[in-house]
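Thanks for coming, everyone. Let me put the chain up on the screen, and then we will walk through it.

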Amino acid sequence: PPVGVSKACSSCVRTAGVKEACTQCDQFVCQNCSRLCSYCNTLTCSLCSTIDYGDVGEQVLCNGCSIFPV
């Protein structure tokens with residue numbers, strides 16, 4: 001973004017840090033709204049991840065990892 005423009009979280013519109021961008025859609029996401037994929041450890045937003053409530057417990061899966069059977 002241009003100088004002087006804040007980077008707002010795409011979910012809650014709070015200010016997001018420089019390194020806080022979803023690896024799937026490149027939208028800025030704050031620390032409170034970000035999710036870390038349980039398999040590949042990439043940072044994703046709530047729109048680019050799903051939560052698997054399987055036998056192992058609650059696991060966050062990015063869109064890339066969620067297409068593979070676990």
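First, a term: helices (H or I, at least four residues) and strands (E, at least two) are DSSP runs, numbered from the N terminus. With that in hand, the chain reads β-β-β-β-α along the sequence. That is one helix and four strands.

Some ground rules. This is a predicted model, where local features need pLDDT of at least 70, side-chain atom pairs count only at pLDDT 80 or more, and totals for chains, interfaces and linings use all residues. Residues are numbered from 1 along each chain as its sequence is written, and side-chain values use heavy atoms, with hydrogens and water left out.

Now the hairpin. Strand 3 covers residues 49-54 and strand 4 covers residues 57-62. They pair in the antiparallel sense over six bridges; pairing takes at least two DSSP bridges between two strands. Two residues sit between them in the hairpin. G54 has G57 in strand 4 as its bridge partner.

On to burial. Buried means under 20% relative accessible area, exposed over 50%, and partly exposed in between, with a 1.4 Å probe and protein chains only. Of the 70 residues in the chain, 23% are buried.

What is in the largest nonpolar core? Seven residues: C9, C22, V29, C30, C33, C45 and C48. A core here is a set of buried Ala, Val, Leu, Ile, Met, Phe, Trp, Tyr and Cys residues joined through side-chain atoms within 4.5 Å. Take C22. Beyond its neighbours within four places in sequence, C22 is in contact (heavy atoms within 4.5 Å) with Q27, V29, L43, T44, C45 and C48.

For C33, the nearest cysteine sulfur is that of C12, 3.7 Å away. C33 is buried, at 19% relative accessible area. C65 is in no disulfide either; the nearest cysteine sulfur, that of C40, is 3.7 Å away. C65 is buried too, at 15%.

Last, the backbone. Most residues other than glycine have a negative phi. D26 has a positive phi of about 65 degrees and is not a glycine. D26 lies in the segment before strand 1 (35-36) and is exposed, at 59% relative accessibility. N41 also has a positive phi, near 60 degrees. N41 lies in the loop between strand 1 and strand 2 (43-44), and is exposed at 53%.

Technical notes
A disulfide is a pair of cysteine sulfur atoms within 2.5 Å.
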